[in-house]
Amino acid sequence: MSKVTEINHPLILHKLAFIRNKETGSKDFRQLVSEVAMLMAYEVTRDLPTENVQIETPICTATCKMLAGKKLAVVPILRAGLGMVDGILNLIPAAKVGHVGLYRDEETLQPVEYFCKLPQDIAEREVIVVDPMLATGGSAADALTMLKNRGAKYLKLMCLIASPEGIKMVKEAHPDVDIFVAQIDEKLNEHGYIVPGLGDAGDRLFGTK
């Protein structure tokens with residue numbers, strides 16, 4: 001069964017408070033989302049395998065640890081997921097980036113696919129799927145299905161804020177995918193938005209309405 005990790009580090013919670021604040025403008029909002037994504041990536045990548053290597057220090061030969069095994073890919077769910085990519089790449093600059101495009105039908109709240117472009121070797125990579133909000137869970141669940149259908153095998157989902165309903169949907173649809181969030185909020189409202197949430201992450205990132 002998938003594991004849900006709430007990364008409630010004080011620095012993340014502090015920055016998340018500014019992200020939630022409706023007075024925070026797009027410039028600061030983008031910077032803060034990127035910073036929180038970078039801090040979260042530290043925990044999301046905690047179980048990456050390492051191997052011993054021999055290094056010549058200025059003093060002597062030493063056995064050190066370096067990353068081994070599968071390479072990484074970051075796949076944002078467009079468009080809001082784009083705001084989390086640069087923060088992760090600051091930590092893992094060699095990661096490749098794919099893109100999955102989904103939008104939510106405002107009446108049915110169901111996701112509709114419009115774009116998918118992935119690294120050719122996606123099946124060999126550990127994939128971190130990113131989206132600031134895990135609301136109904138529909139978009140995330142469908143994005144994970146799209147990736148699996150295109151060969152991805154090693155998947156994690158990383159979101160800033162999640163609703164209990166969204167977590168439940170993703171866990172039921174993808175019991176093999178671990179979920180990492182900064183904070184789990186109270187509920188969804190009748191419009192499918194997270195309460196208390198932060199509003200529409202895409203609009204706040206890019207200054208649109």
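Visitor: In which helix does Lys171 lie?
Guide: The model shown here is predicted. In this model the helix that holds Lys171 covers residues 164-173. That element is helix 5.

Visitor: Does Lys171 count as buried, partly exposed or exposed, and why?
Guide: The relative accessibility of Lys171 is 23%. A residue is buried under 20% and exposed over 50%. The value for Lys171 falls in between, so Lys171 counts as partly exposed.

Visitor: Which residues does Lys171 touch, not counting residues up to four places away in sequence?
Guide: Contact here means heavy atoms within 4.5 Å. With residues up to four places away left out, the list for Lys171 is Met1, Ser2, Val4 and Ile179.

Visitor: How many Å apart in space are Lys171 and Thr5, C-alpha to C-alpha?
Guide: In sequence, 166 residues separate Lys171 and Thr5. In space, their C-alpha atoms are separated by 12 Å.

Visitor: Among contacts between residues at least 6 apart in sequence, what percentage join residues at least 24 apart?
Guide: The count takes in contacts in the protein between residues at least 6 apart in sequence. Of these, the share that joins residues at least 24 apart is 65%.

Visitor: How many helices and strands does the protein have, and why is it called as compact as a globular protein of its length?
Guide: The protein has 6 helices and 13 strands. For 209 residues the globule rule gives 17 Å. The protein is as compact as a globular protein of that length because its radius of gyration is close to this, at 18 Å.

Visitor: Which residues touch the most other members of the largest nonpolar core?
Guide: In soluble globular proteins, nonpolar side chains tend to be buried together. The largest nonpolar core in this protein has 35 residues. Those that touch the most other members are Ile19, Met40, Ile88, Met158 and Leu160.

Visitor: Which helix gives the most to this core?
Guide: Several elements each supply at least two residues of the core, among them helix 1 (10-20), strand 10 (154-162) and helix 6 (201-206). The element that gives the most supplies 8 residues, and it is helix 2.

Visitor: Which residues are in contact with Ile19, leaving aside its neighbours within four places in sequence?
Guide: Ile19 belongs to the largest nonpolar core. Apart from its neighbours within four places, Ile19 is in contact with Phe29, Leu32, Val33, Val36, Leu160, Leu198 and Arg204.

Visitor: How many residues are in the second, separate core?
Guide: Val100, Ile122, Leu157 and Val177 are included in this second core. Its number of residues is 25.

Notes. Residues are numbered from 1 along each chain as its sequence is written. This is a predicted model: local features need pLDDT of at least 70, side-chain atom pairs count only at pLDDT 80 or more; totals for chains, interfaces and linings use all residues. Side-chain values use heavy atoms; hydrogens and water are left out. Helices (H or I, at least four residues) and strands (E, at least two) are DSSP runs, numbered from the N terminus. The radius of gyration is taken over C-alpha atoms; the globule rule is 2.2 Å times the number of residues to the power 0.38. A nonpolar core is a set of buried Ala, Val, Leu, Ile, Met, Phe, Trp, Tyr and Cys residues joined through side-chain atoms within 4.5 Å. Buried means under 20% relative accessible area, exposed over 50%, partly exposed in between (1.4 Å probe, protein chains only).
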